[in-house]
Amino acid sequence: MPELPEVETVKRTLNALVAGKKIEGVTVSLGRIIQRPADIDQFCDALKGHTIQRVERRGKFLRILLDDLVLVSHLRMEGRYGVFASGEPVEKHTHVIFHFDDGTELRYKDVRQFGTMHLFKPDEEWTLPPLHKLGVEPLSGDFTVERFAAAMRKRRSFIKPVLLNQHVVVGIGNIYVDEALFRSGIHPLRPADHLSDEEYARLHAAIVATLQEAVEAGGSSIKSYVNGQGEMGMFQHQLQMYGREGQPCIHCGTLIEKTVVGGRGTHYCPLCQQQS
Ligand SMILES: [Zn+2]
């Protein structure tokens with residue numbers, strides 16, 4: 001699933017490719033992608049004649065800002081965007097097509113069909129799902145050690161699911177949580193509210209550094225993920241923990257173990273990340 005660095009890359013690519021383009025019509029061939037409004041024809045009609053101003057990101061969501069409308073898009077497992085000339089053959093699993101008045105199209109393809117789109121009036125998106133209860137942006141100035149530690153101390157759960165649930169901090173998913181916990185030497189099954197001040201500071205720094213490095217590398221290419229231009233991110237070559245079960249830890253040489261935490265495959269070094 002694309003996480004903050006991958007969505008950031010898609011955002012940048014889309015800004016380069018579709019900002020300034022005017023929508024002439026929309027075709028939806030899989031209704032369940034469109035979560036708001038409930039009526040698909042209403043969704044298509046509302047977007048007609050509107051121009052894309054720019055694309056922004058909130059957590060793992062894309063916010064496609066149009067004149068007087070905001071389209072919130074979540075790629076979930078395998079959603080991806082591509083820009084094509086209107087005559088080009090439409091690939092299988094393409095579910096939504098935004099037809100522009102310049103003869104090009106923005107196509108949304110999603111093999112797993114888990115992606116979502118919500119259409120709002122400007123600023124309405126902050127008051128309703130899916131954006132209304134999101135935590136702080138980890139690469140913003142609002143993400144301070146103090147605020148992070150205070151939020152974590154209120155959570156009575158294992159640390160990994162708390163970092164995944166998007167209420168404390170947004171944008172990190174299974175890959176970058178495993179990386180950040182390893183970098184900070186914290187076991188994924190430690191209770192979120194029981195770290196020391198020094199550990200909260202270390203974890204905070206690891207989250208920021210991991211995400212920053214991954215954004216600079218254009219994200220990771222995990223399974224089918226490519227950015228909006230069909231380019232692969234490069235950060236998978238820098239992953240120290242995710243997907244490396246059975247291989248030696250880069251710090252101590254102990255073999256990396258894989259377990260399941262909150263239903264998610266979880267990688268950790270049993271020596272560097274002690275549970276107690
Ligand atoms: Zn180790």
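Okay, let's start with two helices: helix 5 and helix 6 cross in a right-handed way. This is a predicted model, by the way, so keep that in mind throughout. The two axes come within 8 Å, and the crossing angle is roughly 130 degrees. That makes helix 5 oblique to helix 6. On the helix 5 side, the contact is made by Tyr176, Glu179, Ala180, Arg183 and Ser184. From helix 6, the residues taking part include Glu199, Arg202, Leu203 and Ala206.

Let's stay with helix 5 for a moment. How many of the residues of helix 5 are buried? It's 11 of the 11, across residues 174–184, so helix 5 is largely enclosed by the rest of the structure. Among those buried residues you'll find Asn174, Asp178, Glu179 and Arg183, along with Ile175, Val177, Leu181 and Phe182. And what covers them? The cover includes helix 4 (159–164), helix 6 (197–216) and strand 11 (264–268). Just after helix 5 comes Gly185, with a positive phi of about 70 degrees.

Let me walk you across the pairings. Strand 2 and strand 9 (residues 116–120) are parallel, paired over 2 bridges, and there Ile34 sits opposite Met117. Then strand 9 meets strand 5 in the antiparallel sense, through 5 bridges, with Leu71 facing Leu119. Next, strand 5 and strand 4 are joined by 6 bridges, again antiparallel, and Leu65 stands opposite Val70. Strand 4 and strand 5 form a hairpin with 2 residues between the strands, and in that hairpin Asp68 takes a positive phi near 75 degrees.

All 6 of the 6 residues, 69–74, are buried, so strand 5 is largely enclosed by the rest of the structure. Leu69, Leu71 and Ser73 point one way, while Val70, Val72 and His74 point the other way.

For one example of the pairing, strand 6 is joined to strand 8 (residues 104–109) by 6 bridges, and Tyr81 is opposite Tyr108.

On to the annotations. Which residues does UniProt list for "active site"? They are Pro2, Glu3, Lys60 and Arg264, and the entry is unreviewed. Let's take two of those.

Glu3 lies in the segment before helix 1. Is Glu3 buried or exposed? Glu3 has 23 C-beta neighbours inside 10 Å, so it counts as buried. Beyond its close neighbours in sequence, Glu3 touches Lys60, Gly171, Ile172, Gly173, Ile175 and Tyr176. Ile175 and Tyr176 bring us back to helix 5, where they are among the buried residues.

Lys60 sits in the loop between strand 3 and strand 4. Lys60 is buried too, with 22 other C-beta atoms within 10 Å. Leaving aside residues within four places in sequence, the contacts of Lys60 are Pro2, Glu3, Leu4, Val7, His74 and Gly171. His74 is one of the buried residues of strand 5.

The unreviewed UniProt entry gives "domain: Formamidopyrimidine-DNA glycosylase catalytic" for residues 2–115. That stretch is 20% helix and 41% strand, and its end C-alpha atoms are 11 Å apart. The entry also places "domain: FPG-type" at residues 240–274. That span is 0% helix and 29% strand, with 17 Å between its end C-alpha atoms.

Key. Residues are numbered from 1 along each chain as its sequence is written. This is a predicted model: local features need pLDDT of at least 70, side-chain atom pairs count only at pLDDT 80 or more; totals for chains, interfaces and linings use all residues. UniProt positions are given in the numbering used here, feature names are shortened, and annotations may be inferred rather than shown by experiment. Helices (H or I, at least four residues) and strands (E, at least two) are DSSP runs, numbered from the N terminus. Two strands pair if DSSP finds at least two bridges between them. A residue is buried if 20 or more other C-beta atoms lie within 10 Å of its own, exposed if 12 or fewer, and partly exposed in between; C-beta atoms are placed from the backbone. Two residues are in contact if their C-beta atoms, placed from the backbone, lie within 7 Å. Axes are lines fitted to C-alpha atoms, for helices over the stretch in contact, and angles run from 0 to 180 degrees between N-to-C directions. Angles under 35 degrees count as roughly parallel, over 145 as roughly antiparallel, 65 to 115 as roughly perpendicular and the rest as oblique. A crossing is left-handed if the near helix is turned anticlockwise from the far one by less than a right angle, and right-handed if clockwise.
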